[in-house]
Amino acid sequence: MSWITGVGLTPYGRLEGRSTVDLMSEAATAALADAGLERRDIDGLICGYSTTLPHLMLSTVFAEHFGLHPHYAHAIQLGGATGCAMGMLAHLLVESGVAKNILVVAGENRLTGQTRDAAIQTLAQVGHPVYEVPLGPTIPAYYGLVASRYMHEHGVSEEDLAELAVLMRRHALMHPGAQFKQPITVADVMASKPIATPLKILDCCPVSDGGAAFVVSRERTGETGVRIIGASQAHTHQHISAAPSLTRFGAAESVERARTAAGIALRDVRYAAIYDSFTITLTILLEEIGLCGRGEAGSRARDGYFDHDGELPLNTHGGLLSYGHCGVAGAMAHLVEAHRQMTGRAESRQAKDASLTLLHGDGGVLSSHASLFLERVR
């Protein structure tokens, strides 16, 4: 058994003068304080990668910077699935007795620490170096390709995608740390700048600075406990040109294995934290996992089903689309928000019941999937 005992999160957006380790340190300090632990209590450290600090030994670089002397240190690179994958690894390490308190941390000055062109070129490297990258696609182009096929097969419209962008912005307006503060409408999304047809700029997550951290422990702390009860992964391909399907990916497989390990039914989930790099990402994941039917995500969002006070609250901090996306820590903000929801600390965003949470992350172009189920224990 493992417990998430503390979480920490910086604001996301343009944070001038802050390096990767600065942002990681701020989030880690907050997570330790939330857990009621000191640095000397941390005997395990897991870090996510940083494109602005691509060091071969980032975990020990951070340990030195932050004043930790862990018995176990590890760094992980799994794209957008990294946050959930780090949570899964920490869970397994704690359960197996390797460590008592593992700090999981990531951060990156992705907005201010590199040029726009450098960011685009770095992210495009997820493509195949021979068959894709030389043709010049960007990450939005890869997802635009997937979107076109998925919309064709399942009757999803551009307006349906726009509903999810509007939902994420509506939630972000309730969070003081969100990058975007202006409300948007479906008409705004539809009129926004085309990026990679059918995706427009408001269908795409921003580039951000920020950091996030959480602590996974063997012993529970605090009045309300949050424990990891199921975790799994699935990896169907790396390059989109080698994907076995453009409409079915590894999300369902990953979630099903995690659900089986947790011993619960999907209908028992009360809060969802789902990766949303693009509106099509969120659409596909919600529908493939089974949180709604194929072609239904947009209409469910329009009807309030995923609102913070709806039937199944979703990404109540605003997600990657509106809270912001700073690399690995972008998706980790989903876990931080889930923990705050489960412990009744989400303020105006508080859901009526977040007792059982599903988290799911996607890396690459829907290539790698990692899932966690969290349970609240009072």
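Strand E11 (residues 368-377) is mostly covered, with eight of its 10 residues buried. Here, buried means under 20% relative accessible area, exposed over 50%, and partly exposed in between, with a 1.4 Å probe and protein chains only. The model is a predicted one, in which local features need pLDDT of at least 70, side-chain atom pairs count only at pLDDT 80 or more, and totals for chains, interfaces and linings use all residues. Residues are numbered from 1 along each chain as its sequence is written, and side-chain values use heavy atoms, with hydrogens and water left out.

**The sheet**

E11 belongs to an open sheet of nine strands with mixed pairing, in the order E3-E2-E4-E7-E1-E8-E11-E10-E9. Strands E3 (72-76) and E9 (271-274) form the edges, each pairing on one side only. From one strand to the next, the twist averages 25°. Two strands count as paired if DSSP finds at least two bridges between them. Helices (H or I, at least four residues) and strands (E, at least two) are DSSP runs, numbered from the N terminus.

**The partners of E11**

E11 pairs in the antiparallel sense with strand E8 (residues 225-235) over 10 bridges, and in the antiparallel sense with E10 over eight bridges.

| Residue | Partner in E11 |
|---|---|
| Ala231 | Leu372 |

E10 and E11 form a hairpin with four residues between them, and Gly364 in the turn has a positive phi of about 70°.

**Helices on the sheet**

Helix H8 (residues 251-262) packs on the sheet and touches E8, strand E10 (356-363) and E11; its direction makes about 140° with that of E8. Helix H9 (residues 279-289) also packs on the sheet, touching E9, E10 and E11, and its direction makes about 125° with that of E10. Contact means heavy atoms within 4.5 Å. Axes are lines fitted to C-alpha atoms, for helices over the stretch in contact, and angles run from 0 to 180 degrees between N-to-C directions.

**Helix H2**

In helix H2 (residues 58-66), the buried residues are Leu58, Ser59, Phe62, Ala63 and Phe66. Seen down the axis of H2, these residues fall within an arc of 140°, so they line one face of the helix; the arc is that of the directions from the helix axis to the C-beta atoms. Their cover includes helix H1 (20-35), strand E2 (44-48), E3 and strand E4 (101-109). After H2 comes Gly67, whose phi is positive, near 80°.
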